[in-house]
Amino acid sequence: ALREYHKQFPLRPGLSKEEVRSRLFGSLPSRLYQALLEDWAQGGVLRLAGQTLALADFTVRLTPQQEARRRAILEKFASQPFAPPAGEELRALQEAEGDLLQFCVQQGDLVKVGEDFYFSKEAVAGARSLLEEYLRRHGEISVAAARDVLGTSRRYCLPLLEYFDRAKKTRRVGDKRVLFSPPEKISGGPEP
């Protein structure tokens, strides 16, 4: 099943453990299934990576054509870092390059910040740096101010701000964002 999956989806890192279990080992108790997988992994038959299974000798390798298309995708995202492909343009790119686009996310070249929004890792790092600098000076930032700092539109700015909120880099307070700060330590308690 894994060999067939790797042949059909050569850019994906492997098959979900739960999908394999439901398709092939549904009658096995979960502890026995896990023990079986660990035994196969120790025996060099397959590789366990989190919730993903792959054959031990499988690695994702791009063909020269795929590598050229990957570079073109990354150049497209880099050309307008704070206004990357979105909407219809992104859907067309996903339709044409679905697995390759997902490969770029898995490799860390692109970051999915929202349902229909991907940014280059450099754009995300740059946005974070610019916003943190502004927040250190001013204490808070509105969506409109963030839009101006990033030189983009609300359409792209808002998903980035929401991404930083989820990543606990910023925190929404009313209609503004502030730098996220962990709860203050209670004095006298053990160090975390």
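**Helix packing and cores in a predicted model**

Tutor: Val-143, Ala-146, Arg-147 and Leu-150 in H7 meet Arg-154, Cys-157, Leu-158, Leu-160 and Leu-161 in H8. Keep in mind that this model is predicted.

Student: Take Tyr-156, in helix H8. Why is Tyr-156 called buried?

Tutor: Its relative accessible area is 10%. Buried means under 20%. Therefore Tyr-156 counts as buried.

Student: Which residues does Tyr-156 touch, leaving out those up to four places away in sequence?

Tutor: Phe-82, Ala-83, Pro-84, Ala-86, Phe-117 and Phe-119.

Student: What makes the pairing of Tyr-156 with Pro-84 a polar contact?

Tutor: A polar atom of the Tyr-156 side chain lies 3.3 Å from the backbone oxygen of Pro-84. The cut-off for such a pair of N or O atoms is 3.5 Å. The distance is within the cut-off, so the pair qualifies.

Student: Where does Gln-66 sit, and why is Gln-66 called buried?

Tutor: Gln-66 is in helix H4, residues 64-79. Its relative accessibility is 15%. The limit is under 20%, so Gln-66 is buried. Beyond its neighbours within four places in sequence, Gln-66 contacts Leu-11, Arg-61 and Leu-100.

Student: How many residues has the largest nonpolar core, and which have the most contacts inside it?

Tutor: The core has 22 residues. Those with the most contacts inside it are Val-113, Phe-119, Val-124, Leu-131, Ile-141, Leu-150 and Leu-160. Strands S4 and S5 and helices H6, H7 and H8 each give two or more residues to this core. H6 gives the most, with 6 residues.

Student: What does Phe-119 contact, apart from neighbours within four places in sequence?

Tutor: Its partners include Phe-77, Val-113, Val-124, Tyr-156 and Leu-160. A second, separate core has 13 residues, among them Leu-2, Phe-25, Tyr-33 and Ala-54.

Student: How do you know that the span of H3 is close to the expected one?

Tutor: H3 covers residues 30-42, which is 13 residues. Gly-44 follows H3, with a positive phi near 80 degrees.

Key. Residues numbered from 1 in each chain as written. Predicted model: local features only at pLDDT ≥ 70, side-chain atom pairs only at ≥ 80, totals over all residues. Heavy atoms only, no water. Helix = DSSP H or I, 4+ residues; strand = E, 2+ residues; numbered from the N terminus. Expected span 1.5 Å × (residues − 1). Buried < 20%, exposed > 50% of the residue type's maximum accessible area, 1.4 Å probe, protein only. Contact = heavy atoms within 4.5 Å. Polar contact = N/O pair within 3.5 Å; in protein donor to acceptor, adjacent residues only side chain to side chain. Core = buried A, V, L, I, M, F, W, Y, C linked by side-chain atoms within 4.5 Å.
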